[in-house]
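Here are my notes for your read-through. Please keep the 3D view open and follow the points in order.

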Amino acid sequence: MNKYEAIIIFTPELEEEKRNSLLDRFKGIIEADGTISNFDDWGSRKLAYEINDYTDGYYVVINFEAMPETVKEMDRIAKISDEILRHMIIREDE
């Protein structure tokens, strides 16, 4: 298993209930064969540049250990979710 860090930026007007259900989906994918070491909810922040006419975004950072297939599945779901403005999953060095 490898260590990863995922940063997810949600649309600012997204309801907390929908955001939590999507985060629960990500947590479920990770915990199926890995572990979450840190979950950090940064909240609403100003974006460095405008994305799809949004100037603010809701940031969440997840540090976890998982297999590469888990990262591919998270990436796939993030790409097809309209509520996510941007996401990035990087592998942390040992």
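**Notes on the helices and the sheet**

1. Start with the helix pair. α1 and α2 pack with their axes 10 Å apart, at an angle of about 170 degrees. An angle over 145 degrees counts as roughly antiparallel, so α1 is roughly antiparallel to α2. Keep in mind that this is a predicted model.

2. Next, look at who touches whom. α1 brings Arg 25, Phe 26, Ile 29, Ile 30 and Asp 33 to the contact. α2 answers with Thr 70, Glu 73, Met 74, Ile 77 and Ala 78. Sorted by class, six residues in this contact are nonpolar, one is polar and three are charged.

3. Now the sheet. In what order do the strands of the open sheet stand? The order is β2-β3-β1-β4, four strands with antiparallel pairing. β2 (35-51) and β4 (84-91) each have a single partner strand, so one side of each lacks a neighbour in the sheet. On average, neighbouring strands are turned by 20 degrees against each other, direction ignored.

4. Zoom in on one strand pair. β2 pairs with β3 (residues 54-66) in the antiparallel sense, over 11 bridges. Find Asp 40: Val 61 in β3 stands opposite.

5. Helix α1 (residues 16-33) lies across β1 (2-10), β2, β3 and β4. α1 runs at about 135 degrees to β2. Helix α2 (residues 68-80) lies across β1, β3 and β4. α2 runs at about 165 degrees to β4.

Definitions and conventions
Residues numbered from 1 in each chain as written. Predicted model: local features only at pLDDT ≥ 70, side-chain atom pairs only at ≥ 80, totals over all residues. Heavy atoms only, no water. Pairing = 2+ DSSP bridges. Helix = DSSP H or I, 4+ residues; strand = E, 2+ residues; numbered from the N terminus. Axes fitted to C-alpha atoms, helices over the stretch in contact; angles between N-to-C directions. Contact = heavy atoms within 4.5 Å. Parallel < 35°, antiparallel > 145°, perpendicular 65-115°, else oblique. Nonpolar A, V, L, I, M, F, W, Y, C, P; charged D, E, K, R; others polar.
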